[in-house]
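Please keep the sequence and the structure in view while reading.

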Amino acid sequence: MAQVQTISYFKVSVYCNTFNQTSYIKDTMDGFCMQQTNFPFVCMIMDDASTDGEPEVIKQYLNDYFDTEWTKETDDYHLTVARHQENKNCYFAVYLLKYNHYSIKKRRLRYYKELTDEIDYVALCEGDDYWTDKHKLQKQADALDANPQATLVYTNFQTIDAEGNPIIRPFIKDFPGRSHSGDNLPTLLRYGNYIMVLTSMYRYIVFESEFLTNCPVRMDFNTTMCAALMGDFIWLPEQMGCYRILESGITRTSQRRGENWLHDIYRYYAGLVMNGQCKPLSFGQRINLTTLILIRALKKKDRQLKKDTLSASKLAPLLLPVAYVRLKSERLMVRIKRLNK
């Protein structure tokens, strides 16, 4: 079978990282295969040396529904590229990693880039989530085609538990209310991340940006902040997928580590904003963003963020009292709402 080194004729590439999600990966792959588009797309599924039998589930899925086009073997992975037997626009590129990359902090994104270096858009979906709208990719690609200034399009979603039952979690219920089209940078600087991985489609230029690659932390919030720094977002309020919360996988240690990483990403992008390394901003926008960053520093008691912000701009010391007043007002409103309940 012929060995092919790159694929460059896809409009959309789907990045799917997965590890030990054998109970859920079939739902994820079903969501990929149901997509109806007028363009070819490739779903790049990367199994990080799972130990629960997930690689076998993926290989069986390929055998059942796909025709293999070609394969590739390296010291790091086994790659199979295949085309769906019925949905001719749907391709899978399955990477079965030979050792766990996450545990040794080895980057996997470069494997994706080696295969598809000339695509327009990247959609994301992890191996325990799945899509429910068969036109998701088409709607999102059409939206980005029609809005050249946009770097990201995202949608609403349903939260479910391990068994697939709808659930509500406090930290997620406000996300749709914060979502909007246009400039999302102020909202991200105010609230932090509220855009779920499975709902998003990015312009590929975001993944080529130095802002993204220079960030010291590799998390989805990094990609979202990079996109916000470069352009506008498009919000589609339709529910197009299910986000699965696996309670058993959450520990205090991992939760604390994740929060620290989010703070590191925030500081990194706040620094870029304060130094003017972002899309063009008006004077009024700079005042607003500086104030939001100072509010964040005060709210999180982040002395380093406060110090860096005050030293980066002559405006910042003047805006510090404003940030204090706005934070106190926000806290007062929260207390009033609680009393009214």
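## Terms and basis

Two residues are said to be in contact when they have heavy atoms within 4.5 Å of each other. Helices (H or I, at least four residues) and strands (E, at least two) are DSSP runs, numbered from the N terminus.

The model is predicted, so local features need pLDDT of at least 70 and side-chain atom pairs count only at pLDDT 80 or more, while totals for chains, interfaces and linings use all residues. Residues are numbered from 1 along each chain as its sequence is written, and side-chain values use heavy atoms, with hydrogens and water left out.

## The chain as a whole

The protein chain contains 14 helices and 10 strands, and its C-alpha atoms fill a box of roughly 65 × 40 × 40 Å, taken along the principal axes. Of its 341 residues, 50% count as buried, where buried means under 20% relative accessible area, exposed means over 50%, and partly exposed lies in between (1.4 Å probe, protein chains only).

Among the contacts in the protein chain with a separation of 6 or more, 75% come from residues 24 or more positions apart.

Two packed helices are described by the angle between their axes and the distance between the axes. Axes are lines fitted to C-alpha atoms, for helices over the stretch in contact, and angles run from 0 to 180 degrees between N-to-C directions.

The axes of helix 12 (residues 283-299) and helix 14 come within 8 Å and cross at roughly 60°. This makes helix 12 oblique to helix 14, since angles under 35 degrees count as roughly parallel, over 145 as roughly antiparallel, 65 to 115 as roughly perpendicular and the rest as oblique. On the side of helix 12, the residues in contact include Phe 283, Ile 287 and Leu 298, and those they meet in helix 14 include Leu 315, Leu 327 and Arg 331.

## Helix 13 against helix 14

Helix 13 (residues 303-312) and helix 14 (residues 315-340) have axes that come within 8 Å and cross at roughly 135°. Lys 306, Thr 309 and Leu 310 of helix 13 make the contact with Ala 316, Pro 317, Leu 320 and Tyr 324 of helix 14.

## A buried loop residue

Ile 245 lies in the loop between strand 10 (232-244) and helix 11 (252-274), and it counts as buried because its relative accessibility is 7%. Ile 245 and Ile 167 are 78 residues apart in sequence, yet their C-alpha atoms are 8.9 Å apart in space.
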